[in-house]
Amino acid sequence: MTVESGADVETSEYQGITDLEVGLDGGVLSVTLNRPDSLNSLTAPMLRTFAEALERAATDSRVRVVRISGAGRGFSSGAGISEEDHANPGAAGTPADVLDAANRCIRAIVNLPQPAVAVVQGAAAGVGASLALACDVVLASEKAFFMLAFTKIGLMPDGGASALIAAAVGRIRAMRMALLAERISAGEAYGWGLVSAVYPVEEFDAEVDKVLATLVSGPAVALRKTKDAINAATLTELESALELEKVGQLSLLDSHDFREGTKAFQQRRTATFTDT
């Protein structure tokens with residue numbers, strides 16, 4: 001385990017793993033999903049390390065804001081279902097392990113006293129979209145897009161997406177995203193109220209830095225109380241959604257349709273679903 005290069009020397013307790021870089025610098029705790037070759041697909045060890053870092057940050061007065069991003073050209077493609085992931089389930093974790101770890105991350109983001117900022121430069125799909133949309137501020141590049149791709153492989157949205165997205169865009173648009181598994185562009189997501197801001201690619205990094213600087217220098221107590229109040233008013237169903245999603249997803253993970261959907265994804269063909 002190594003600390004992200006450039007992190008403050010006094011913050012060695014914030015440690016990452018190869019697939020997840022974590023570091024604290026200037027009041028910003030940066031958590032970077034780091035599997036760019038798979039568009040930062042998520043494994044149970046990555047998610048557990050992610051949750052541990054945020055749970056530690058919750059009581060660390062040095063952390064003023066948390067920045068969550070992905071390496072390379074995407075934020076996250078969601079839970080790993082590639083042939084590589086399935087060939088090494090002991091390392092990646094079972095689907096149930098990933099589900100439990102993802103739910104722990106969502107709770108950690110929402111319960112975090114400090115503002116959490118998602119930096120989305122490309123694809124945010126599946127539970128990767130849930131991680132981004134659990135954040136308090138979602139900043140997107142104009143090349144970003146959001147997609148609840150679960151039904152394409154015979155699953156249902158998880159990671160609290162049922163509550164998080166409905167709270168942001170309303171029932172009908174949440175149903176559209178969840179049932180049709182459409183790709184929602186950054187511009188459309190902004191128009192819906194799904195993201196906080198969209199920036200041109202060439203201005204993206206500089207604009208993200210401006211937002212982080214504003215939050216780092218802001219009144220920590222006031223920001224915390226504001227976050228608590230808005231979450232209390234809008235995410236009243238998050239905990240029940242996490243539980244309902246877990247029960248439903250564990251059932252679906254044992255279904256023929258999921259096995260067929262995963263095989264079709266790996267073989268790059270259209271799935272034939274038969275469960276009724």
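What follows is a conversation about how some labels in this predicted model were reached.

Colleague: What makes α4 and α11 roughly antiparallel?

Modeller: The axes of helix α4, residues 95-111, and helix α11, residues 238-252, come within 11 Å and cross at roughly 170°. Angles over 145 degrees count as roughly antiparallel, and therefore α4 is described as roughly antiparallel to α11.

Colleague: Which residues of α4 and α11 meet?

Modeller: On the α4 side they are Ala 96, Leu 99, Asp 100, Asn 103, Ile 106, Arg 107 and Val 110, and on the α11 side Leu 238, Glu 239, Leu 242, Glu 243, Lys 246, Gln 249 and Leu 250. By class, the residues of this contact divide into seven nonpolar, two polar and five charged.

Colleague: Which residues of α4 are buried?

Modeller: The buried residues of α4 are Val 98, Leu 99, Ala 101, Ala 102, Asn 103, Cys 105, Ile 106, Ala 108, Ile 109 and Val 110.

Colleague: How do you know that the reach of α4 is close to the expected one?

Modeller: Helix α4 has 17 residues, and from its first C-alpha to its last it reaches 24 Å, which is close to the 24 Å expected at 1.5 Å a residue.

Colleague: Why is Val 169 called buried?

Modeller: Val 169 has a relative accessible area of 12%, and buried means under 20%, so Val 169 is buried. This residue is found in helix α6, residues 161-169, and, leaving aside residues up to four places away in sequence, Val 169 touches Ala 174, Trp 192, Gly 193 and Leu 194. Although Val 169 and Trp 192 are 23 residues apart along the chain, their C-alpha atoms are separated by 5.8 Å.

Colleague: What makes the phi of Ala 181 worth a remark?

Modeller: Most residues other than glycine have a negative phi. Ala 181, which is not a glycine, has a positive phi of about 55°, and lies in the loop between α7 (171-180) and β8 (183-185).

Colleague: Arg 268 also has a positive phi; is Arg 268 buried or exposed, and why?

Modeller: Arg 268, with a phi near 55°, has its place in the segment after α12 (256-267). Its relative accessible area is 79%, and exposed means over 50%, so Arg 268 is exposed.

Colleague: And how do you know whether Ala 181 is buried or exposed?

Modeller: Ala 181 has a relative accessibility of 4%, and since the limit for buried is under 20%, Ala 181 counts as buried.

Notes: Residues are numbered from 1 along each chain as its sequence is written. This is a predicted model: local features need pLDDT of at least 70, side-chain atom pairs count only at pLDDT 80 or more; totals for chains, interfaces and linings use all residues. Side-chain values use heavy atoms; hydrogens and water are left out. Helices (H or I, at least four residues) and strands (E, at least two) are DSSP runs, numbered from the N terminus. Buried means under 20% relative accessible area, exposed over 50%, partly exposed in between (1.4 Å probe, protein chains only). Contact means heavy atoms within 4.5 Å. Axes are lines fitted to C-alpha atoms, for helices over the stretch in contact, and angles run from 0 to 180 degrees between N-to-C directions. Angles under 35 degrees count as roughly parallel, over 145 as roughly antiparallel, 65 to 115 as roughly perpendicular and the rest as oblique. Ala, Val, Leu, Ile, Met, Phe, Trp, Tyr, Cys and Pro count as nonpolar, Asp, Glu, Lys and Arg as charged, and the others, Gly among them, as polar. The expected span of a helix is 1.5 Å times one less than its number of residues.
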